[in-house]
Amino acid sequence: MSSPPLQTPAASAGIRPSVVQLAIKEKGALYAAYMSHLKDGGIFVPTAKDYRLGDDVYVLMTLPEDSQRYPVAGKVVWINPPRAANNRTQGVGVAFPSDEKSQQLKARIEQILGAHLGSEKPTQTV
C-alpha cells in the first residue's frame with residue numbers, strides 16, 4: 001500500500017510565476033521578439049532559465065518609444081533551447097492572456113511596428 005504524496009508549503013500554496021523584466025529599445029528587436037502569429041499576441045523573452053511549456057511567467061516589459069512598463073501574466077508557448085537552430089537566441093515565447101490590457105498592449109506593439117509587421121525577415125521564433 002502506498003502513502004499519498006506529501007504536500008509541501010509551495011505545492012499547497014501554488015507555485016508563483018517567475019518575474020522577468022524585458023526592455024526592448026529598438027523596433028528591430030521588437031519585431032524579432034513579437035509573436036504576431038498568436039491569437040492574442042506574445043513576446044519572446046531571452047533567458048537561460050529553464051522553463052516548460054505551460055509555465056506561468058510574469059513579464060514587465062518596456063517598448064521602444066514608450067516609457068510605460070507593461071505587465072503581462074502569460075504562459076510559455078515556445079522554447080528556444082541552448083544552441084537552437086539558425087543561431088536563434090535561447091529563451092521562451094510567452095503568450096499574452098485574453099484580457100483587455102493585453103489587447104491594448106498588442107495594439108500598441110502593432111502600432112509601433114507599423115509596416116514592419118508584414119516583413120518576411122525571420123524572428124526569434126518563426
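A salt bridge here is a side-chain nitrogen of Lys or Arg within 4 Å of a carboxyl oxygen of Asp or Glu, and the views below are taken from a predicted model.

**View 1. The salt bridge between R108 and D66.** The side chains of R108 and D66 meet with an N to O distance of 3.0 Å, and the pair links distant parts of the chain, since R108 belongs to helix α3 and D66 to strand β4, 42 residues apart. D66 is buried, at 16% relative accessibility, whereas R108 is partly exposed, with a relative accessible area of 21%. The side chain of D66 also places a polar atom 3.0 Å from the backbone nitrogen of Q68.

**View 2. The salt bridge between K27 and E65.** A search of the whole structure finds 3 salt bridges, and in the one shown here the closest N and O atoms of K27 and E65 are 4.0 Å apart. Because K27 lies in helix α2 and E65 in the loop between β3 and β4, the pair ties together parts that are 38 residues apart in sequence. K27 is partly exposed, with a relative accessible area of 33%, while E65 counts as exposed at 63%.

**View 3. The salt bridge between K75 and D56.**

**View 4. A73 on strand β4.** A73 is partly exposed, with a relative accessible area of 49%, and, residues up to four places away in sequence not being counted, it touches V57, Y58 and P97. The C-alpha atoms of A73 and V59 are 6.4 Å apart in space, although 14 residues separate the two in sequence.

View 5. Strand β2 (residues 42-46) is largely enclosed by the rest of the structure, because 4 of its 5 residues are buried. It runs antiparallel to strand β5 (residues 91-95), to which 5 bridges join it, and V45 has V92 as its bridge partner in β5. Of the 25 residues in the largest nonpolar core, I43 and M61 touch the most other members; among the elements that each supply at least two residues of this core are β1, α2, β2 and α3. Beyond its neighbours within four places in sequence, M61 is in contact with residues including L22, I43, Y70, F96 and L105.

Technical notes: Residues are numbered from 1 along each chain as its sequence is written. This is a predicted model: local features need pLDDT of at least 70, side-chain atom pairs count only at pLDDT 80 or more; totals for chains, interfaces and linings use all residues. Side-chain values use heavy atoms; hydrogens and water are left out. A polar contact is a pair of N or O atoms within 3.5 Å; within protein, one must be able to donate a hydrogen and the other to accept it, and residues adjacent in sequence count only if both atoms are side-chain atoms. Buried means under 20% relative accessible area, exposed over 50%, partly exposed in between (1.4 Å probe, protein chains only). Two strands pair if DSSP finds at least two bridges between them. A nonpolar core is a set of buried Ala, Val, Leu, Ile, Met, Phe, Trp, Tyr and Cys residues joined through side-chain atoms within 4.5 Å. Contact means heavy atoms within 4.5 Å.
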